[in-house]
Amino acid sequence: MQLANKTIVVTGAGGGIGRELSIQLAQRGANIAGVDINPETLDETGRIIGTGQGQFKGFELDITNQEKVNAFPAEVLAHFGTVDGIINNAGIIQPFRPVLELAMEDIDRVMAVNFYGTLYLTKAFLPLLLQRPEAHIANVSSMGGFLPVPGQTLYGAAKAAVKLLTEGLYAELKETNVRVTVIFPGAIATNIMQNSGLAMPKADAGGESKFKPIPARQAAGQILSGIEKNKFRVVVGQDAWMMDKLSRLNPKYAADLIQRKMRSLLG
């Protein structure tokens, strides 16, 4: 997909990967409808891009509110005239607790943001995307969407749902002009902890990984490259790449390995 002169919706555009996606889309000549629940961070993204509302326009939106999401495409069309793609990037993690100790309100919130937000936006924009000469849907799942992480079981379940939703969309839209990509980031240096309202628990030295989080800028570049190449899946980071291979070769061994590395996070 050629991104120049296209209008792309990016959720979570107020920081992290979403901000870097917006910046790099602007550098590629695209128009960006940036979505975030935080208007201050959206404004900051716009100031960084520095092109005014002609190329980047921030939209404050709670993606878990289906009624507001359904009305949102009309706002994008009113400003940009067209929409050619959507990158469902916004997400939060859960408190680091086992399922037994996890409150249902936390479970509902994690599912609402990660899965239902992605679903709502996809359904809202898909009729418009089907009218374009070429269009793209890119959904951010997670390494946790194919590999169980203790203390993030419901986050993983939500991201696994995003994975299968995206793969199903790929199959359903294969004969149309809309391409579909599923993205599996590993550890990325972002502010997802703060945005999720959480403090990071400390792992012991034996639980530390040799794989360090990669910069959000690097992750965004890999994601956009995958979109440009119409890739079916994009695995971001050496840790995600290795665990993707291992979990397919020996899923039980991969699950046991992560459990040993992460068990200290649960105290």
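## The aromatic residues F115 and Y116

At 14% relative accessibility, F115 counts as buried, because the cut-off for that class is under 20% relative accessible area. Y116, with a relative accessibility of 37%, is classed as partly exposed. The structure described here is a predicted model.

F115 and Y116 form an aromatic pair of the edge-to-face kind, with 5.0 Å from centre to centre and 70° between the planes.

By the rule applied here, the count of aromatic pairs comes to six. One of them joins F59 and F72 in an edge-to-face arrangement, in which the ring centres are 5.2 Å apart and the planes make an angle of 75°. F59 belongs to strand β3 (residues 56-60) and F72 to helix α3 (residues 66-80), so this pair ties together parts of the chain that are 13 residues apart in sequence.

Both partners are enclosed: F59 counts as buried at 7% relative accessibility, and F72 counts as buried at 1%. Together with F125, the residues F59 and F72 form one aromatic cluster. A charged group is also placed at the ring of F59, for the charged end of K57 sits over that ring at 5.7 Å from its centre.

Strand β1 comprises residues 7-11, and five of its five residues are buried, so the strand is largely enclosed by the rest of the structure.

β1 pairs with two strands. With strand β2 (residues 31-36) the pairing is parallel and extends over five bridges, and T11 stands opposite V35 of β2. With strand β4 (residues 85-88) the pairing is again parallel, over three bridges; here V9 stands opposite I86 of β4. Between β1 and β2 the chain passes through helix α1 (residues 16-27), and the three elements make a right-handed β-α-β unit.

## The surroundings of H136

H136 is found in strand β5. Its relative accessible area is 3%, so H136 is buried. Leaving out residues up to four places away in sequence, H136 touches M1, D84, G85, I86, L129, V178, R179, V180, T181, I227 and N230.

With T181, the contact of H136 includes a polar one, in which the two side chains are joined at 2.7 Å. A further relation across the sequence concerns N177: the C-alpha atoms of H136 and N177 are separated by 8.3 Å, while the two residues are 41 residues apart along the chain.

## The loop residue Q152

Q152 is found in the loop between β5 (135-140) and α5 (153-173). Although placed in a loop, Q152 counts as buried, with a relative accessibility of 7%.

When neighbours within four places in sequence are set aside, Q152 is in contact with I93, Q94, P95 and F96. For Q94, a polar atom of the Q152 side chain lies 2.8 Å from the backbone oxygen of Q94.

How values were computed. Residues are numbered from 1 along each chain as its sequence is written. This is a predicted model: local features need pLDDT of at least 70, side-chain atom pairs count only at pLDDT 80 or more; totals for chains, interfaces and linings use all residues. Side-chain values use heavy atoms; hydrogens and water are left out. Helices (H or I, at least four residues) and strands (E, at least two) are DSSP runs, numbered from the N terminus. Buried means under 20% relative accessible area, exposed over 50%, partly exposed in between (1.4 Å probe, protein chains only). A polar contact is a pair of N or O atoms within 3.5 Å; within protein, one must be able to donate a hydrogen and the other to accept it, and residues adjacent in sequence count only if both atoms are side-chain atoms. Contact means heavy atoms within 4.5 Å. Two strands pair if DSSP finds at least two bridges between them. A crossover is right-handed if, with the strands pointing away from the viewer, the path from the first strand over the helix to the second runs clockwise. Rings of Phe, Tyr and Trp (its six-membered ring) pair if their centres lie within 6.5 Å; planes under 30 degrees apart count as stacked, over 60 as edge-to-face and the rest as tilted. A charge sits over a ring if NZ of Lys or CZ of Arg is within 6 Å of the ring centre and within 35 degrees of the ring normal.
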